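Me: Hi! I'm new to reading protein structures, could you walk me through this one?
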Amino acid sequence: CETALAEAEIEYSEHISPSIYVKFRIKDERVKNDKTFLVIWTTTPWTLVSNVAVSVHPDLLYVSVKVGDETFYLAENLLAILKDKLNFKDYKLSGTFKGKDLEGLNYSHPFIGREGKVVLADYVSSEEGTGCVHTAPGHGQEDFLTGCKYKLQTIMPVDEKGRFDETTGEFKGVNVFEANNLIIKHLGGEKLL
């Protein structure tokens, strides 16, 4: 509503957010298979437009999980939960490593023509998600601070009315919450969900 309110004046109503898992294709000389992905979980698909990094916890153990001809990187202690959620029928562990070993790994953004990199962050949880956190410094304090630490680009393509600006291509003029479904549909069409 474009109205400035004190925090004490804001009342939140019940809200249901989309919850999606997204594949980010690793594009790095250290990884030979071009069907290797970081898997992130988000409840704010619209912020993916501004993604420039994926954060991992430096001390968490991560696994590479081979499913068919694809390989997925995720936190080892979350595999028991994620194998069902992500429908991993037949899978094989193909490696184990610490998060700090992934630092600097490059990946392709799932739907925008730019690359991102893996960075380290102590706030990455081993309790929920995948252990790989989509990071957009223009959307959130922790992301911003991580962006400052790694000198990441801060992308914030949202105008004062909550609509994407002209830099977002097909999403230009779309309210960010309405963009959630468009982004989810696009990711599904590209088989990246």
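Me: Is D28 buried or exposed?
Reply: D28 counts as buried, at 11% relative accessibility. Buried means under 20% relative accessible area, exposed means over 50%, and partly exposed is in between (1.4 Å probe, protein chains only). Keep in mind that this is a predicted model: local features need pLDDT of at least 70, side-chain atom pairs count only at pLDDT 80 or more, and totals for chains, interfaces and linings use all residues. Residues are numbered from 1 along each chain as its sequence is written, and side-chain values use heavy atoms, with hydrogens and water left out.

Me: Got it. Which residue forms a salt bridge with D28?
Reply: That's R30, with the closest N and O atoms 3.0 Å apart. A salt bridge here is a side-chain nitrogen of Lys or Arg within 4 Å of a carboxyl oxygen of Asp or Glu. R30 is partly exposed, with a relative accessible area of 46%.

Me: How many salt bridges does the count come to?
Reply: Six, by that rule. One of them joins K27 and E115, whose closest N and O atoms are 3.3 Å apart. K27 lies in the loop between strand 1 and strand 2 and E115 in strand 8, so this pair ties together parts that are 88 residues apart in sequence. Helices (H or I, at least four residues) and strands (E, at least two) are DSSP runs, numbered from the N terminus.

Me: New topic: what order do the strands take in the sheet?
Reply: Five strands form an open sheet in the order 1-2-5-4-6, with mixed pairing. The edges are strand 1 (20-25) and strand 6 (92-98), each pairing on one side only. Two strands pair if DSSP finds at least two bridges between them.

Me: How does strand 2 run next to strand 5?
Reply: Those two run parallel, joined by three bridges. Strand 1 and strand 2, on the other hand, pair in the antiparallel sense over six bridges.

Me: Why is strand 2 largely enclosed?
Reply: Six of its seven residues (36-42) are buried, so the rest of the structure largely encloses strand 2.

Me: And which residues have the most contacts inside the largest nonpolar core?
Reply: L38, L48 and Y62, in a core of 55 residues. Helix 3 gives the most to this core, with five residues. A nonpolar core is a set of buried Ala, Val, Leu, Ile, Met, Phe, Trp, Tyr and Cys residues joined through side-chain atoms within 4.5 Å.

Me: What stands opposite L38 in strand 5?
Reply: Y73 does.
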